[in-house]
Amino acid sequence: VNQSKKGLRKFSNFERLIEQDPTGTIFQYVYVGDTGELDQEAGETMLREYPEVVKAVFLHVVSETPYPVIPSPKLINGRPIVFFRTYVGAASKACQLGLISETAMMNVVKAAQESLEQTSRTSEKWQDLYRDVGDAYRTISINS
């Protein structure tokens, strides 16, 4: 597939999906992608064209360099585009947006920690996770 057309193809696939419920009466969507293959372009187009059915866009920040800069969230048609480094970061933002419960968020925290049990605690993965776990706990304290 031509790299420059990947974002358009992803958006076209989404349009075929929403044909099943074009008013959003039955389905609402959260688009999850990454920053590597024009997913941001596809997500932004979804928010511009279908804000009534797309609740949010979440983009995993992928990078070959350690500790990449995570872009600030932004809004398109009142809907958020959220950038995250770990699934805990995504879950924390989803909880803050009311898309998942605190219990669901903490289940993601637990699963993420368990998945890294065999990884050195000084690794970049753990550093990213520590930051996002702190954000998850701050989310709970704000909601309490």
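**Entry 1: α3 and α4**

I looked up how helices α3 and α4 are oriented and found them roughly antiparallel, because angles over 145 degrees count as such. Their axes come within 9 Å and cross at roughly 175 degrees; axes are lines fitted to C-alpha atoms, for helices over the stretch in contact, and angles run from 0 to 180 degrees between N-to-C directions. I took helices as DSSP runs of H or I of at least four residues and strands as runs of E of at least two, numbered from the N terminus.

The model is predicted: local features need pLDDT of at least 70 and side-chain atom pairs pLDDT 80 or more, whereas totals for chains, interfaces and linings use all residues. Residues are numbered from 1 along each chain as its sequence is written, and side-chain values use heavy atoms, without hydrogens and water.

I then listed the contacts (heavy atoms within 4.5 Å). Tyr87, Val88, Ala91, Ser92 and Cys95 of α3 meet Glu102, Met105, Val108, Val109 and Ala112 of α4.

**Entry 2: the sides of α4**

I checked the length of α4 (residues 102-115): at 1.5 Å a residue, its 14 residues should span 20 Å, and its end C-alpha atoms are 20 Å apart, which agrees. The expected span is 1.5 Å times one less than the number of residues.

Which residues of α4 are buried? I found Met105, Val109 and Ala112, buried being under 20% relative accessible area, exposed over 50% and partly exposed in between (1.4 Å probe, protein chains only). They cover an arc of only 70 degrees around the axis and therefore lie on the same side of α4; the arc is that of the directions from the helix axis to the C-beta atoms. An α-helix has 3.6 residues a turn, so residues three or four places apart point the same way.

The buried residues of α4 pack against α3 (87-96) and α5 (124-143). On the face turned away from the buried side I noted the exposed residues Thr103, Lys110 and Ser115.

I traced an open sheet of 4 strands in the order β1-β2-β4-β3, with mixed pairing; two strands pair if DSSP finds at least two bridges between them. The edge strands, β1 (29-34) and β3 (74-76), each pair on one side only. The twist averages 25 degrees from one strand to the next.

β3 and β4 (residues 79-84) pair in the antiparallel sense over 3 bridges. Leu75 stands opposite Pro80 in β4.

Helix α2 (residues 39-49) lies across β1, β2 (54-60), β3 and β4, and runs at about 160 degrees to β1. Its buried residues, among them Ala42, Met46 and Leu47, pack against α1 (6-18) and the strands β1, β2, β3 and β4.

Definitions and conventions
Parallel < 35°, antiparallel > 145°, perpendicular 65-115°, else oblique.
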